[in-house]
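The sequence and structure come first, and the notes follow.

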Amino acid sequence: MKSNLDFVAVDFETLQAAAHDGKLYHKLPIQIGMQRYIGGRPDGQPYRRFIKPPVDTPWSSISKVGIT
């Protein structure tokens, strides 16, 4: 039987972008992270990956988080 201390934590990093060329961008996902826990303790390496933002995302906002 699995313990209630066995779980996967998921975190989405988002980009807060302002109005640009008449379009409003709000909380665009830019990165996902996950970590598995067994018995309440981290198990293995965390998983982290950038998510490609939409093509029309304002680059001034993207550069703030270091995506190239």
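## Surface patch

Which residues make a nonpolar surface patch of about 290 Å²? The patch is made by V8, V10 and F12. Patches consist of residues with over 30% relative accessible area and no salt bridge, like charges being joined within 9 Å and nonpolar side chains (Val, Leu, Ile, Met, Phe, Trp, Tyr) within 5 Å. Accessible areas come from the Shrake-Rupley method with a 1.4 Å probe, and for residues only the protein chains shown count as cover. F12 lies in strand β1, residues 7–15.

## Model and confidence

The model is predicted, so local features need pLDDT of at least 70 and side-chain atom pairs count only at pLDDT 80 or more, while totals for chains, interfaces and linings use all residues. Residues are numbered from 1 along each chain as its sequence is written, and side-chain values use heavy atoms, with hydrogens and water left out.

The mean pLDDT (the predictor's confidence in each residue, from 0 to 100) is 76, and 54% of the residues reach 70 or more.

## Overall architecture

The secondary structure comes to 1 helix and 3 strands, in the order β-β-β-α along the sequence. Helices (H or I, at least four residues) and strands (E, at least two) are DSSP runs, numbered from the N terminus.

Of the 68 residues, 21% count as buried; buried means under 20% relative accessible area, exposed over 50%, and partly exposed in between (1.4 Å probe, protein chains only). The accessible surface comes to about 5500 Å², with 56% of it belonging to carbon and sulfur atoms. Among contacts (heavy atoms within 4.5 Å) between residues at least 6 apart in sequence, 41% join residues at least 24 apart.

## Q35 and its surroundings

Q35 is in strand β2, residues 28–38. With a relative accessible area of 11%, Q35 is buried. Not counting residues up to four places away in sequence, Q35 touches F7, V8, A9, P42, D43, G44, Q45 and P46.

The side chain of Q35 has a polar atom 3.3 Å from the backbone oxygen of D43, and this side chain also reaches the backbone oxygen of G44 at 3.3 Å. A polar contact is a pair of N or O atoms within 3.5 Å; within protein, one must be able to donate a hydrogen and the other to accept it, and residues adjacent in sequence count only if both atoms are side-chain atoms.

## Salt bridge

Side chains of opposite charge can pair when their charged atoms come close. The count here is 1 salt bridge, defined as a side-chain nitrogen of Lys or Arg within 4 Å of a carboxyl oxygen of Asp or Glu. R36 forms a salt bridge with D43, with the closest N and O atoms 2.6 Å apart. R36 is partly exposed at 46% relative accessible area, and D43 is partly exposed at 29%.

R49 is in strand β3, residues 41–50, and is partly exposed at 47% relative accessible area. Leaving aside neighbours within four places in sequence, R49 is in contact with I30, Q31 and I32. R49 and F12 are 37 residues apart in sequence and 10.0 Å apart in space, C-alpha to C-alpha.

K52 lies in the loop between β3 and α1 and counts as exposed, at 74% relative accessibility. From K52 to Q31 the separation is 21 residues in sequence and 8.3 Å in space, C-alpha to C-alpha.
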